[in-house]
Amino acid sequence: MTETNRVKLKPGDTIGILGGGQLGRMLAMAAARLGLRCQIFSPDPESPAFDVVLNATCAEYADVEALELFANDVDVITYEFENVPASAVLVLSARRPVLPDRKILETTQDRLAEKDFVTRLGIGTADYADVSTAAGLREAIARIGLPSVIKTRRFGYDGKGQAIIREGDDPDRIWDDLGTKSAILEAFIPFEREISVIAARSVDGHVECYDVTENEHRDHILKVSRAPAAIPDALAEEARHIAGTIAGALGYVGVLAVEMFVLAEAGGPKVLVNEIAPRVHNSGHWTLDGASISQFEQHIRAIAGWPLGKPVRHGPVTMTNLIGDEINDYRRWLTVPGATVHIYGKGTPRPGRKMGHVTEIGLHSKAAE
Ligand code: AMP
């Protein structure tokens, strides 16, 4: 029996969460409902997740002593963002089980390793190439064609660390601007829509996928998610099967999100995997109000060694992110019939900063009318 399989929390036990953003906050709130405590580890003294837990560690991820003390205080450790430094996870996993497992972070922190992994499973992605020099970029463009998308292998999010390359662009300049030595070039996918699947996998290998979500981005940041996605049933089933296959192949415990493109093809639409997020995900926030069990609760259940729930969706659901100054409109949202408002308790609403979200159940977003 592995260390992971031995995790079986009981009410009153404590979960350690690395990261103090809104995802950590919503995980801690879901845990509290199940009688579990959480302790947050975050270097940011303004972490919104600190507000909802009794015990918090405010320290750097390089602070070994703080990590050790944190590990001693908790029964299992999880994280709310995928760029947790590997060195921190190494220190922690010597003391307590860390779920999802640290080998998963190695795969999902690196776009090349992730694409190789997905490809080995026989699952489609955009054509891609490993690029480490300007000359390598020119060769990759010759093979993959234009337009294409160059992305840093590590630490990219919300469209950061990536650029579209079009006919007539200067690859040398784009390479210099990217300022990295390791990147991948991907074929540009003229997608019909973007979708994601939130999947949960338990310690004993049971998988539960939510209905496929359709996502709209604005300035590279998720703006609206709708569930279910307006795609044929067979395609939705395929997307959910892909997410389950990935979770199984990773030996995953917890919730993950798989972002995909839907591409119109002569023989019918097909899905290509864009990215795996080894954590609860913004496109799953609708599950808080739109399903009987939220993605946050599923994650807590999985890492606690508890049975997963069978989530039932309450109807067509729309989730709208409140980004930057949009949070100032919260009083209007509070009066929208049927809307549920979530405010993350973050300080300053900087442009692009996710400050809250609103869920609406029913066919149309009333706020948009
Ligand atoms: P990512 O950081 O990989 O999730 O990409 C952010 C967003 O950029 C995606 O949600 C897409 O809207 C767009 N994008 C990323 N890769 C591609 C691609 N290969 N083709 C077309 N659009 C892309």
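Predicted model: local features only at pLDDT ≥ 70, side-chain atom pairs only at ≥ 80, totals over all residues.
**Around the ligand**

| Residue | Atom of the residue | Atom of the ligand | Distance |
|---|---|---|---|
| R111 | polar side-chain atom | oxygen | 3.0 Å |
| I189 | backbone N or O atom | nitrogen | 2.8 Å |
| E194 | polar side-chain atom | oxygen | 2.5 Å |

On its own, the ligand has 480 Å² of accessible area, and the protein covers 91% of that.

**The whole chain**

Zooming out, the chain has twelve helices and 17 strands. Its C-alpha trace spans about 60 × 50 × 40 Å along the principal axes. A compact globule of 369 residues would have a radius of gyration near 21 Å, and the 20 Å of this chain agrees with that. Buried residues account for 56% of the chain.

Is helix α11 (residues 295–304) largely enclosed or largely open? Ten of its ten residues are buried, so the helix is largely enclosed by the rest of the structure. Among these buried residues are F296, H299, I300 and R301. Just after α11 comes G305, with a positive phi of about 80 degrees.

Most residues other than glycine have a negative phi, and most peptide bonds are trans. With that in mind, have a look at a few places in the backbone.

The peptide bond from L146 to P147 is cis, with omega near -5 degrees. You will find P147 in the loop that links α7 (134–144) to β6. Another cis peptide bond runs from A227 to P228, with omega near 0 degrees. P228 belongs to the loop between β12 (221–227) and α9 (233–250).

Which loop holds D219? D219 lies between β11 (213–218) and β12, and H220 is found in the loop between β11 and β12 as well. Neither is a glycine, yet D219 has a positive phi near 50 degrees and H220 has one of about 70 degrees. D219 is exposed, with a relative accessible area of 66%, and H220 also counts as exposed, at 52%.

Notes: Residues numbered from 1 in each chain as written. Heavy atoms only, no water. Polar contact = N/O pair within 3.5 Å; in protein donor to acceptor, adjacent residues only side chain to side chain. Areas by Shrake-Rupley, 256 points an atom, 1.4 Å probe, with all protein chains shown as cover. Helix = DSSP H or I, 4+ residues; strand = E, 2+ residues; numbered from the N terminus. Rg over C-alpha atoms; globule rule 2.2 N^0.38 Å. Buried < 20%, exposed > 50% of the residue type's maximum accessible area, 1.4 Å probe, protein only.
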